[in-house]
Amino acid sequence: MQEMIISKKQIASFLNNLIRQYKVFAPIKRDSFVLFGEIHSSNEALLNFANSKIPPKEIFFPQSERLFAYSLTSGEAKIKEPLPVEKRLVFGIRPCDAKSLVILDSVFDGETYKDVSYADRRGKTLVIALGCNSPSSTCFCTSLGGDPFSADGSDLLLVDLGEEYVAQVVTERGREFVEEQNEYFGGVGGHSLDAMNDVVRAAEAAMKPKVKVGEIKEKLDDIFDDQIWSSLSERCLGCAICTYLCPTCHCFDIVDEAIDREGERVRIWDSCMFPLFTLQASGVNPRPTGKERVRQRIMHKFSYFVDNYGQRACVGCGRCIKNCPVNLDIREVLNSISNR
Amino acid sequence: MKNLTTEIRGIAKKLLEDKRVDLIVGFERGTLPLRSTPCFVRRSEEVRRLIWNASCENNLARYLPKRTEKIGIVAKGCDTRSIVGLIQESQITREQVFIVGVPCSGMIDRKKVDATVDGKEIFEADERDGEVILKGRDFELSVSQNELLHNSCQTCSNKNPVIFDALVGDKIEEDGKVDEYKDIKEFEALSSEERWQSFTREISKCFRCYACRNACPLCYCQECFVDSSQPRWIGKALNFSDIAIYHLIRAFHTAGRCVDCGACDRACPIDIDLRKLTKKIEKDVQELFHYRAGMSVENIPLLATFNPDDPQEFVR
């Protein structure tokens, strides 16, 4: 892997220069929380942050996305489809979130199905990830095969060494980018590489896997009818916080919103935690209570998704843990199941 | 707080052993500092899971509607008022619940804690003599617990349960002097344009997770109006009108019933100031009808009754 150095003194100028060429998304502060938003100037970017509240999946899979608009005028229907996006760049995404893009790719940009708007956004976005020097106690990427400095899903991975970043070139696209922006990147010396290795080792040491997921799929497939699901799900409120804040959750609904003769078809995030999710036209609901829905959530992420796409649909980012109003902790759920 | 925990466990154990209840709903220790989590105990050996401290912020009455068991429920002042509301509205019977009332001097707002430490992670937190000691990677701060309480707790005038079968600990002296509508009065004093800007700004953040609705003990409709498709009252996309209407209608649906427990506000993951709406409605209810929700099971729900003296300025 090729490594370069970019000095922190250069970052402002680097970002401002990029803003001229790309639509740049970076972590920004909105009131009391961080999210990935478009920046128009480098000083809007917040680089000293743990992780965003809203995951960056929004940049590729917006919560409310117009698929097309229509208007009806005497005998004629005019359809307006959205324009393709321009070239974009997301700066400062964490390795867990970069990995989540790989997981979303298997659904939206895979071999069998290609979601036009997701593929357009994904193909046109350069991903610059920022490794985690100080993982939070709610992070558990290493329990799921991830790493605070994993390059999976990014084009370039930055390692923060205090005064400078080491930039690891991950993909061909990342390499072309570094060449294109070569005035900002310099060669990396031995002491920087040593410092980088120290930072990486320290972070990894702080994140010994603590969540038992080794045989979770086999266990889950075995305990579908077990009464453990009643106790695990009893306090769940059935809201969509865990779903919307999860970087890998991707279920959606399609609605038609119209007034008189004008309207639009919109794709919106949906959640399996909602009662309506599996409500059939007949009135039957195969997941009638929270118990079935919580069970489904866990089984989807750790069993069905594995069957369908060969990977678990969780990156261990910890957002669901931090934001659940009743502190329903997925780590506890997984450990309880593993110990059953 | 340790004594309250012991008392609660003792009461719970006896209730389960005597088969006075089938289930105890209380709190147990959470997985993060300053958090606890709702706990459902059915066996008397398990009562030692139950705890009580300043992180027990959820309104457990939310778990009562439509249950058929006999339930022992641990309830703060505001929670007991919600239970009264649910009994008034026939969502649970008085006989079904054994209310373990706990006089409460306030719950800690983790959003305020977050702001105090500038979003940095807290590894450990201890409550000691009215102070909260917050420890992180490279800091240790001592903050007055009162400063960290939820806004609804800081202006609370119902610290003591209004209904209970057992009272845990000692009654707390109510502070009759605090003006619980101070923030609302300030909001009312703003111009119409300023109020609209403030409301728009807050509500635009909403991304329809429905945590507010689902955390509320009074939102128990079989089919919520947002999920109705025939007719479809409001859209589901992130359109400002739809978002605003959702919040306005939910606030009106709780008019005369909301006790300002703050559960909606606490559940919101993106810190929308929901109490601006709900508290304003509660103030209007107080001023127009001299009614306070959830004070007695004998009361008739406000909007289910009519009094000839009711204000009628709209009739001209």
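Eight residues of domain 1 of chain B are in contact with 13 residues of domain 2 of chain B, where contact means that the C-beta atoms of two residues, placed from the backbone, lie within 7 Å. By class, the domain 1 side of this boundary in chain B consists of five nonpolar, one polar and two charged residues. In this classification Ala, Val, Leu, Ile, Met, Phe, Trp, Tyr, Cys and Pro count as nonpolar, Asp, Glu, Lys and Arg as charged, and the others, Gly among them, as polar. Domain 1 of chain B comprises 2–109 + 149–170 + 178–304, and domain 2 of chain B comprises 110–148; such bounds come from an automatic or database domain assignment. Taken over C-alpha atoms, the centres of domain 1 and domain 2 of chain B are separated by 25 Å.

The model is predicted: local features need pLDDT of at least 70 and side-chain atom pairs count only at pLDDT 80 or more, whereas totals for chains, interfaces and linings use all residues. Residues are numbered from 1 along each chain as its sequence is written, and chains are lettered from A and ligands numbered from 1 in the order in which they are written.

In chain B, helix 9 (residues 240–253) packs against helix 11 (residues 275–289) at an angle of about 35 degrees, and their axes are 9 Å apart. Helices (H or I, at least four residues) and strands (E, at least two) are DSSP runs, numbered from the N terminus. Axes are lines fitted to C-alpha atoms, for helices over the stretch in contact, and angles run from 0 to 180 degrees between N-to-C directions. Helix 9 of chain B contributes His247(B), Ala251(B) and Phe252(B) to the contact, and helix 11 of chain B contributes Leu277(B), Thr278(B) and Ile281(B).

Chain A contains twelve helices and eleven strands. The radius of gyration of chain A, 22 Å, is close to the 20 Å that the globule rule gives for 340 residues, so chain A is as compact as a globular protein of that length. This radius is taken over C-alpha atoms, and the globule rule is 2.2 Å times the number of residues to the power 0.38. The C-alpha trace of chain A spans about 65 × 65 × 40 Å along its principal axes.

Two domains are assigned in chain A, domain 1 (2–205) and domain 2 (216–339), and their C-alpha centres lie 26 Å apart. Between them, 32 residues of domain 1 of chain A are in contact with 27 residues of domain 2 of chain A. Strand 4 (64–73) and helix 3 (95–108) of chain A are the elements that give two or more residues to the domain 1 side. The largest share of that side, nine residues, comes from strand 4 of chain A. The domain 1 side has 16 nonpolar, ten polar and six charged residues.

Two strands pair if DSSP finds at least two bridges between them.

Strand 2 (residues 23–30) of chain A pairs with strand 6 (residues 88–93) of chain A in the parallel sense over three bridges, and Lys23(A) has Arg88(A), in strand 6, as its bridge partner.

Strand 2 and strand 3 of chain A run antiparallel and are joined by six bridges; Pro27(A) has Phe36(A), in strand 3, as its bridge partner. The hairpin of these two strands has two residues between the strands, and Asp31(A) takes a positive phi near 55 degrees there.
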